[in-house]
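Here is a short briefing to read alongside the sequence and the 3D view. Keep both open as you go through the points below.

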Amino acid sequence: MKKRNYLIAGNWKMNGTLGSLREVIELDKALNNPEIELVLCLPATIIHPAVKKVLSTHLRIGAQNCHHHQEGAFTGDVSAKMLKDIGANFVIVGHSERRQAYGETSELVKEKASAVINEGLMTIICVGETEEQKNNSQTEEIVCAQVKKSMPNAANEKNTVIAYEPIWAIGTGKVPSLDDIKKIHGSIRSLLGKIKGEDVSQRMRILYGGSVKPGNAKDIFCLEDVDGALVGGASLKAADLVEIAKYAQVY
Ligand code: PEP
């Protein structure tokens, strides 16, 4: 029975200027399967111009981070309220690059996710283990603790997506075995069942992220509890993201 539509989310990180909007336009034209949702999480500087370029309803524009307060004396920061104001629909929170480089804790990530949800936007909460933790067989323990601590009480399938992103797989070309992806996605799903109840857990999407490319997307998307991908490097070119998205099917 179909419970979840695939979501393919691109994360451009700190890449892209106004000239890069041609990729947004190309992506907008290329895919129009209503059962596959696409979102491009762009640098804040090009969110609004990108929103104005998108003509179709299947492509959304998102952000990569936000402050946990709505407004105030937080020089250089951008709030979920501001992102909503310029047309963003999604906000990534807790990406490992922010957890590692800026010391963002799961408690802070939870506050950011709450801020996104309070604005009526969709949040993508990222979790994932380091290579050392993986080698110490701590993946499940680390990832489940992050999910538990980062997810706001108000989270449900309509406002939240979980992205499992092993840190050692991001931007490295390394990908966990299909068995390992299947196992951890299954563990996240059963944890969601315990925290949120069976109905929400069966409807909430869990994305895989970490070196997803056109060449490996199909095998990953076939796994039972994988509902799409969070894609970094391969999302910068519309053609690659279109290729990846074509492997997403509804089950
Ligand atoms: C990411 O930045 O979230 C990511 C998964 O990057 P990449 O696809 O380049 O590994």
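Let's begin at the ligand: one of its oxygen atoms sits 2.7 Å from an N or O atom in the side chain of Glu165. Please keep in mind that this is a predicted model.

**Around the ligand**
- At Gly233, a backbone N or O atom lies 2.8 Å from an oxygen atom of the ligand.
- On its own the ligand would expose 290 Å², and the protein buries 97% of that area.
- The ligand has 14 residues around it, and those that come nearest are Lys13, Glu165, Gly171, Ser211 and Gly232.
- Sorted by class, this shell holds 8 polar, 4 nonpolar and 2 charged residues.

- Eight strands form a closed barrel in the order 1-2-3-4-5-6-7-8, and their pairing is parallel.
- On average, neighbouring strands are turned by 25 degrees against each other, direction ignored.
- Strand 6 (residues 160-164) and strand 7 (residues 205-209) run parallel and are joined by 4 bridges.
- Within this pair, Ala163 stands opposite Leu207 of strand 7.

**Helices on the sheet**
- Helix 1 (residues 21-30) lies across strand 2 (36-41) and strand 3 (59-63), and runs at about 145 degrees to strand 3.
- Helix 11 (residues 238-246) packs on the sheet too, where it touches strand 1 (6-11), strand 2 and strand 8 (228-231).
- The direction of helix 11 makes about 150 degrees with that of strand 2.

Definitions and conventions
Residues numbered from 1 in each chain as written. Predicted model: local features only at pLDDT ≥ 70, side-chain atom pairs only at ≥ 80, totals over all residues. Heavy atoms only, no water. Pairing = 2+ DSSP bridges. Helix = DSSP H or I, 4+ residues; strand = E, 2+ residues; numbered from the N terminus. Axes fitted to C-alpha atoms, helices over the stretch in contact; angles between N-to-C directions. Contact = heavy atoms within 4.5 Å. Near = heavy atom within 4 Å. Polar contact = N/O pair within 3.5 Å; in protein donor to acceptor, adjacent residues only side chain to side chain. Areas by Shrake-Rupley, 256 points an atom, 1.4 Å probe, with all protein chains shown as cover. Nonpolar A, V, L, I, M, F, W, Y, C, P; charged D, E, K, R; others polar.
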